[in-house]
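Let's take a walk through a protein model together. Have the structure open, and we will go from a single residue out to the whole.

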Amino acid sequence: MEWKAFNPRFCVVVIELPGVIHVTRNRFYKVQTTRSWDYLGLSSTSLSNLLNKSKMGNGVIIGLLDTGIWPELEVFNDDNLGPIPPRWRGVCESGEHFDGAKACNRKLIGARYFISGLEAEYGQPYNTSENDDYMSPRDSSGHGTHTSSIAGGSFVANASYDGLGLGTVRGGAPGAHLAMYKVCWRLYGGVCADADVLKAFDEAINDGVDVLSVSLAADIPLYSEVDHRGSIPIGSFHAVAKGITVVCAAGNAGPRAETVQNTAPWILTVAASTVDRSFPTPITLGNNQTIIVSNKTLTGQRKWLDRIRTNSYKYQFQGQAMFTGEDTVSAALVYPEVSDLMPPRNCESLSSNDDWMAGKIVLCFASDYNQSLLNDAILSVKAAGGLGVIVSRSPSNYYPYAMNFPCLQVTYETGTQILYYIRSTSNPQVRLSPSRTHIGKPVSTNVAYFSSRGPSSNVPAILKPDIAAPGVQILAAIPPSDETTTGAFAFLSGTSMATPHVSGIVALLKSLYPDWSPAAIKSAIITTGLTSHQSGGPIFAEGEPLKLADPFDFGGGIVNPNSAADPGLVYDMNTENYVHYLCAMGYNNSDIFQLTEHPVVCPSKQPSILDVNLPSITIPNLKKPTILTRTVTNVGPVNSKYKASVEFASGINVAVRPETLIFSSRTKTISFSVMISSAHNVNAGYYFGSLTWTDGVHVVRSPISVRTE
């Protein structure tokens, strides 16, 4: 899910006011768009998992910077919820169609909205009528409602999208409280002004939130962490300094490299992955008896084409769709043939003026992954009177469309077989049957095609993203006024949906370990991530072509909440460590002061960025043997003994000293060194591996990425 932003101009936000450190240019951000909790091992029926050990996040406050919230939905009820924590200092702000006295309860305990920065940039008052919005915390787009229900929504039984994905919907921390900070508005399709985002961070910190979930991302190129044109790095720094974990979206610009956003080391940056759920939808060619076969069971194309052409059999393929209801759709099947002298009519070229589509089902081939253009094409088929569309596209980047119109997706291979059938007969026919929900094998976990990838474009020595979480076709709540879907639930995709999954897990960890720092929580999540499918197979990253996932796709792996609750060791950090990072980046003392708001004097010898105590190691330019240091803290059994093991590609040598760490009641923290060298004598791409500490029970894995120069 993406919103478009317009180009920012210069404006004065504040001047000569108490507490003002800097006057800065405004900037704009975009919002980044239920099986997932059971898939992650957080079933509500298990008494031994993190969900129940943490009492479902009881007492934790999750703040969200987003598009607002629809408070009347059942998913935000406060049944069986504990009292509002006495430390809470927030408010429930009234506004257009939002009565603060009635809107909030023990689930939604706070709601604010911020628009001054947007109006200052826009140069005139924001017209909510023209933009179908509310001058209040109320959500009109559905994005903020969706993310809020993923992070901390209450239990709602029998939820589905028109029967698909039927089950109980809830958030990751259903016992937690929520606070909404509306910073995004529907001007020009949707923008979130930099000044409003920064103000929301400030209010959330003062209000007393424990976790901040920020499903927003700016565009590439990125600003540095000390550049005041970027509010998320600045606001998140102050939040983390106060002990608040900030979880942000990696962005939806994948699968291209160096597109990951929200790259500051104090942020927990989330990529999107799929879950083991699909929506198979039968496509039946011909008009008589049905047989379901694989391409290998009939010998050659001509044999099965002849059998369909003589109307003696049907041939059935499986597409992916969200075609709901009980009725099938049968019609003539057409493909936009053109002269060889003309460019082919791909899906994106279809127009509502193409009257030849009326009353028919259309087969088309997508030229590339442009979701917006493809959506327009599908709507054009519908507007022209078409009865349905079969979209053929790369197998590594297709997801079902949630719309009230038969739109099925198939691979290029299957699309080509269907096209052979169309060209083999004068009267091709097709029947589209309703979709069904399938869970489990053979559906595997992949990093989503759209999920932004590393390495970081502004700080390549800091691994990003940090972790991946479910972000594809996530069923969650939406406002009833959302005209693009039916009912109170919808499927949405994006790193926007992956982010609140991790925010909910952070809330559970915070409830279980209230004294853990944001860095400790982040370390626990990264070092316990899954790098293989739960069934034992590898995790792939969708792209052109599909490939094995590496740290630039999913950081430490797929989030594994139950293991994160017992990580064994953590790589902890505090504000002093982050100042070390800022000095290592070469920022001057005055620039760092703008961020930290207290005087800083960097050492005369610039520190090494490789020594920042992260739970990962990334060396973007290994020219000679390099030694770096890390420090781990024991959060497991007091008397523990860990041994190191290294996995790496041939030609990269990794040595750890000491190779054994022994913890006791007197020794809780130990530092170690890692020397990395390369036998390669040419410039190359990145090599990937890992350093793992294990005591026989805990597995503490740090991803390593190295590029030789």
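Asp133 is buried, with a relative accessible area of 5%; buried means under 20% relative accessible area, exposed over 50%, and partly exposed in between, using a 1.4 Å probe and protein chains only. You can find Asp133 in the loop between α4 (116-122) and α5. This is a predicted model, in which local features need pLDDT of at least 70 and side-chain atom pairs pLDDT 80 or more, while totals for chains, interfaces and linings use all residues. Residues are numbered from 1 along each chain, and side-chain values use heavy atoms, without hydrogens and water.

Which residues surround Asp133? Leaving aside neighbours within four places in sequence, Asp133 is in contact (heavy atoms within 4.5 Å) with residues including Glu96, Tyr126, Arg138 and Lys182.

In α15, Val579, Leu582 and Cys583 meet Ile592, Leu595 and Thr596 in α16.

Finally, step back. The protein has 16 helices and 37 strands, and of its 709 residues, 59% count as buried.

Conventions:
Helices (H or I, at least four residues) and strands (E, at least two) are DSSP runs, numbered from the N terminus.
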